[in-house]
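Morning, everyone. I'll take a few minutes on charged side chains. Please look at the screen.

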Amino acid sequence: MIIRDGEYTKIIYTMIKEERFQDAINTLNTIPESSTTRAGLSLLGHCYYQMQDFIEAANCYEHLINLVPDVQEYRLYYSQSLFQAGLFDEAQKIIATGLDSPELKEKVLQLQSAIAYGNEDYTAAQSLLLQRQDGNGQEASTKNDEGCLLYQANMYEDALQRYVSALQAGGFNPHVAYNAALCHYRRKENSQALNYIAEIVERGIRNHPELGVGAQAETEGGARSVGNPPALAASGLAQAFNLKAAIEYQEGNVEGAREALTDLPPRSEPELDPVTLHNMALTDPTGGGAGLRRLAFLLELGPPTCPQETFANLLLLCCKHEMYDTAADILAEHTHLTYKYLSPYLYDLLDALITAQSTPEEAEQKLGTLASSIGGRLRALAAKVQECRSATDQNALRMALREYEGALESYLPVAMARAWIPWRMDDFQGAEREFRASAEFCSETPSWRLHAAHVLFMRGDRYKEAAAFYEPIVRQNYDDILSIPASVLANLCVAYIMTSQNEEAEELMRKVERAEERKGNATGQCLHLCIVNLVIGTLYCAKNNYEFGLSRIAHALDGGSGARLCADTWIHVKRCVLGLLTGMAKQTIVLPSIALQETLNFLRACEAYGITIPSVLTGPLEDSGEQPPTIGLEARKLRALLLRLMEYK
């Protein structure tokens, strides 16, 4: 921009008025005097602060307090910039060295309480809060800060009352409304939380259309970044959408959580705030690798930058992907965070899961102790619920039920882990025994019933009982059958076949096929029917009916020439083909020539279409640097072996 002499002041102040702070910074930096004069440094400090570049803002104000040491406002702004940059101790030192102006007393007290709160010194924050005055329109701010202290003490109901009072005293404030929504979320009152979120989003869209809310969804991620303007910080939109994503994620709707994050104003990844980056890591659709790397990056930044949940979620994600050695290394490297961010319950659970890799007996003992402790609490809470029901005290009943549900949420992972230890050693009878032990509390829980069905199915002789557990899951979602996990549909079909209910199995498969046709399967994303056919084909191959079994598998993969051919499906193919080859080599299996020719054709198609597709599944962080084997190469080897066995006399 070409600016004529005499117009610099007008243009720069116009830019600031229009919130074009980056343009103002660029213009000021073309003026040599800006970095040495009070006027230039003051404007630069203000613009950097509004752009949330707090380190640069602090540098400007540091120069100013050296240039004009008598102006205490600059000392306050310097301390505020350091605080926003997470340098709490440095900010406190600046306050302690000369910030004693009576006119700034209230602002200094507010900043000091915020520093104490950031340092998790809640006693000092409370003491400073009591010194503040409610006059001069500060009542809403004081009520909000009181609510924050109560929230940290887990007194969510009292905190909510303070936030509501703050909204009544000072009018609608998106950040206070978010705090109220967060209290409802902690109290498991998601509908009330979503009401606050909806109001924040509605006002944000209406008052700041330039932020492009929802633009990422409309352009499929191709929207231009809006950066981190002051309007975004003031609107509370980032906090609101992240809380909405958390609610959806907690309710098991991962796709809904992704949609909530997609509705955020478009920003590039380096511009994302830590909470958004954390939530994107948990909901990443590409797999665990990107999510683990993001969480590890946040953990390296350390507090207060990274969300407190980062440490626990990184460990849980490692265990989810069976990366127990990595989880153990993270625990060992960050022992100072273990006691700060892991509850005793979560630490004991993670410790047991990691221990199970080397000494299952010790892990079983640890999980048993944990289960006994929570089980005793559940029984006491169940008795308390009955007492409240008899006394017809609705408020006490709601609180007792909430406590019971919270204890049950803690008990369920322990019960699953106790069954998982024998499961991983193929001791399905032992796994069933653990499920029966936890049935007292968990028998009505959907996830418990699902895993109990899997255990009964794997027993091999309990198909009828397994079907009885699977059927309610299917009936509940019969109108949206593709929302049911494909493993449930496949196992139920097998259970029907093994109990001579072939008509029910065929009807279920037709239902799945019609649903996939309505949805459209051109992209190969609907794999339900494919998985059902793969499981049924594998079942027949296990019963030595390779002719029918391999035909079902070939049908499932469109003859080996469809988009369904991948490492997940190929593993079932090669297992069955290797079983056939073993039987032919031992001369215990004889197939008609036409069936052998169809198998050769199927392998030839897999060879052609899988020439570049990896044949093995890799972990989320595995990167050996070597080229993995491909489906095409393995299919060619299997075809060569089959031809040799066909020629053998």
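This is a predicted model: local features need pLDDT of at least 70, side-chain atom pairs count only at pLDDT 80 or more; totals for chains, interfaces and linings use all residues.

Salt bridges to begin with. The structure holds 29 of them. Take Arg162 and Glu146: their closest N and O atoms are 3.1 Å apart. That pair links distant parts of the chain, with Arg162 in helix α10 and Glu146 in helix α9, 16 residues apart. Arg162 is partly exposed, at 27% relative accessibility. Glu146 is partly exposed too, at 24%.

Next, Arg459 and Glu432. Their salt bridge has an N to O distance of 2.2 Å. Arg459 sits in helix α26 and Glu432 in helix α25, 27 residues apart. Is Glu432 buried or exposed? Its relative accessible area is 7%, so Glu432 counts as buried. Arg459 is partly exposed, at 26%. Both belong to a network of salt bridges, together with Arg436, Arg462 and Glu465.

One more pair. Arg514 bridges to Glu507, with the closest N and O atoms 3.6 Å apart. Arg514 is partly exposed at 37%, and Glu507 is partly exposed at 32%.

Now the patch. Which residues form the negative surface patch? They are Glu300, Asp325, Asp329 and Glu333. Helix α20, residues 324-333, supplies the largest share, three residues. Asp329 lies in that helix. Its relative accessible area is 43%, so Asp329 counts as partly exposed.

Thr276 is in helix α17, residues 274-282. Beyond its neighbours within four places in sequence, Thr276 contacts Asn242, Leu264 and Arg267.

How values were computed
Residues are numbered from 1 along each chain as its sequence is written. Side-chain values use heavy atoms; hydrogens and water are left out. Patches are made of residues with over 30% relative accessible area and no salt bridge: like charges are joined within 9 Å, nonpolar side chains (Val, Leu, Ile, Met, Phe, Trp, Tyr) within 5 Å. Accessible areas come from the Shrake-Rupley method with a 1.4 Å probe; for residues, only the protein chains shown count as cover. A salt bridge is a side-chain nitrogen of Lys or Arg within 4 Å of a carboxyl oxygen of Asp or Glu. Lys and Arg count as positive and Asp and Glu as negative; His and the chain ends are not counted. The place of a charge is taken as NZ of Lys, CZ of Arg, CG of Asp or CD of Glu. Helices (H or I, at least four residues) and strands (E, at least two) are DSSP runs, numbered from the N terminus. Buried means under 20% relative accessible area, exposed over 50%, partly exposed in between (1.4 Å probe, protein chains only). Contact means heavy atoms within 4.5 Å.
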